[in-house]
Amino acid sequence: MPQHPTVIPMSDDAKPIVPADVAPTVLPDAFLSSEEALSAGRFHLPSYDELPSVELYRDQVLSYIDHILSPLSACSEGSWLTASMVNNYVKQHLVPAPNKKLYGRDHIAHLLIICIFKQFLSIEAIRKLIGIQRMTYPIGVAYNYVAVEINNAVSDAFDASGTRHEDTASLVTRETVLVRSAASAFAAKAFLMSYLTFLGYRDA
């Protein structure tokens with residue numbers, strides 16, 4: 001015999017339900033105008049030439065990357081990067097070995113991209129994505145395209161006006177589709193986690 005949901009009638013003296021009773025407690029517009037969202041919208045992943053021109057020690061690299069990614073801190077469950085993570089990425093050949101314990105632009109570029117992509121991809125998937133880029137473009141060119149697309153995707157995600165950036169690549173290729181998909185995924189997670197944090201998710 002089919003089951004039907006039971007409707008419990010309101011009592012005659014119950015308070016009538018009004019639209020405010022079922023409205024969201026915090027509308028998206030309130031979040032998008034908050035300091036958290038405005039800060040995230042100003043996030044800027046440096047271009048290759050904007051990365052430090054002098055080689056850094058590992059602790060300096062950790063501080064630099066944490067500073068760059070701090071506007072999107074809600075996206076990361078823990079530290080963006082630790083010394084043990086750097087060592088593991090070098091051992092796994094995701095990042096070139098340091099030169100006498102010093103890290104240059106190529107190292108920092110790799111580490112920034114790994115820190116971002118690991119928020120939603122496995123290390124093996126990141127390895128494949130980096131490998132495809134390495135086969136096609138020099139590190140500076142590949143990194144710059146990724147940086148621009150991530151910056152645009154994050155800006156679009158936190159932009160209340162609804163404007164959207166076009167693909168900055170002159171030709172649509174396998175590589176550009178992969179990068180834009182990854183950038184969109186990161187921006188979506190950054191928006192979701194920032195919104196949940198704004199709603200008190202991290203404090204619950």
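Q: At what angle do the axes of α6 and α8 cross, and within what distance do they come?
A: In this predicted model, the axes of α6 and α8 cross at roughly 35 degrees and come within 11 Å.

Q: Is that crossing left-handed or right-handed?
A: The crossing of α6 past α8 is left-handed.

Q: Which residues meet there, on α6 and on α8?
A: From α6, the residues are Asp106, Ala109, His110, Leu112, Ile113, Ile116 and Phe117. They meet Ile139, Tyr143, Val146 and Ile150 of α8.

Q: Why might residues three or four places apart point the same way in an α-helix?
A: An α-helix has 3.6 residues a turn, so residues at that spacing point the same way.

Q: Staying with Ile150, what is it in contact with, leaving aside neighbours within four places in sequence?
A: Ile150 is in contact with Phe43, Leu45, Ile116, Phe117, Ala183 and Phe186.

Q: Which residues of the largest nonpolar core touch the most other members?
A: They are Leu45, Ile65, Leu69, Leu112, Phe117, Tyr143 and Ile150, in a core of 52 residues.

Q: And which elements give two or more residues to this core?
A: Those elements are α2 (28–32), α3 (35–41), α4 (58–69), α5 (83–91), α6 (105–117), α7 (123–136), α8 (139–157) and α9 (174–198).

Q: Which one gives the most?
A: α6 gives the most to the core, with 9 residues.

Q: Which residues of α9 are buried?
A: The buried residues are Glu175, Thr176, Val179, Ala182, Ala183, Phe186, Ala187, Ala190, Met193, Ser194 and Tyr195.

Q: What do they pack against?
A: The buried residues of α9 pack against α2, α6, α7 and α8.

Q: Is Lys100 buried or exposed? What about Lys101?
A: Lys100 has a relative accessibility of 74%, so it counts as exposed. Lys101 also counts as exposed, because its relative accessibility is 66%.

Q: On to the cysteines: how many disulfides are there?
A: A search of the whole structure finds 0 disulfides.

Q: Are Cys75 and Cys115 buried or exposed?
A: Cys75 counts as buried because its relative accessibility is 0%. Cys115 is buried too, with a relative accessible area of 0%.

Q: Finally, the chain as a whole: how many helices and strands, and in what order?
A: The chain has 9 helices and 2 strands. From the N terminus, the elements run α-α-α-β-α-α-β-α-α-α-α.

Q: What share of the chain is buried?
A: Buried residues make up 36% of its 204 residues.

Q: How much of the contact with a separation of 6 or more comes from residues 24 or more positions apart?
A: Such residues account for 73% of those contacts in the chain.

Terms used: Residues numbered from 1 in each chain as written. Predicted model: local features only at pLDDT ≥ 70, side-chain atom pairs only at ≥ 80, totals over all residues. Heavy atoms only, no water. Core = buried A, V, L, I, M, F, W, Y, C linked by side-chain atoms within 4.5 Å. Buried < 20%, exposed > 50% of the residue type's maximum accessible area, 1.4 Å probe, protein only. Helix = DSSP H or I, 4+ residues; strand = E, 2+ residues; numbered from the N terminus. Contact = heavy atoms within 4.5 Å. Disulfide = S-S within 2.5 Å. Axes fitted to C-alpha atoms, helices over the stretch in contact; angles between N-to-C directions. Left-handed = near helix turned anticlockwise from the far one by under 90°.
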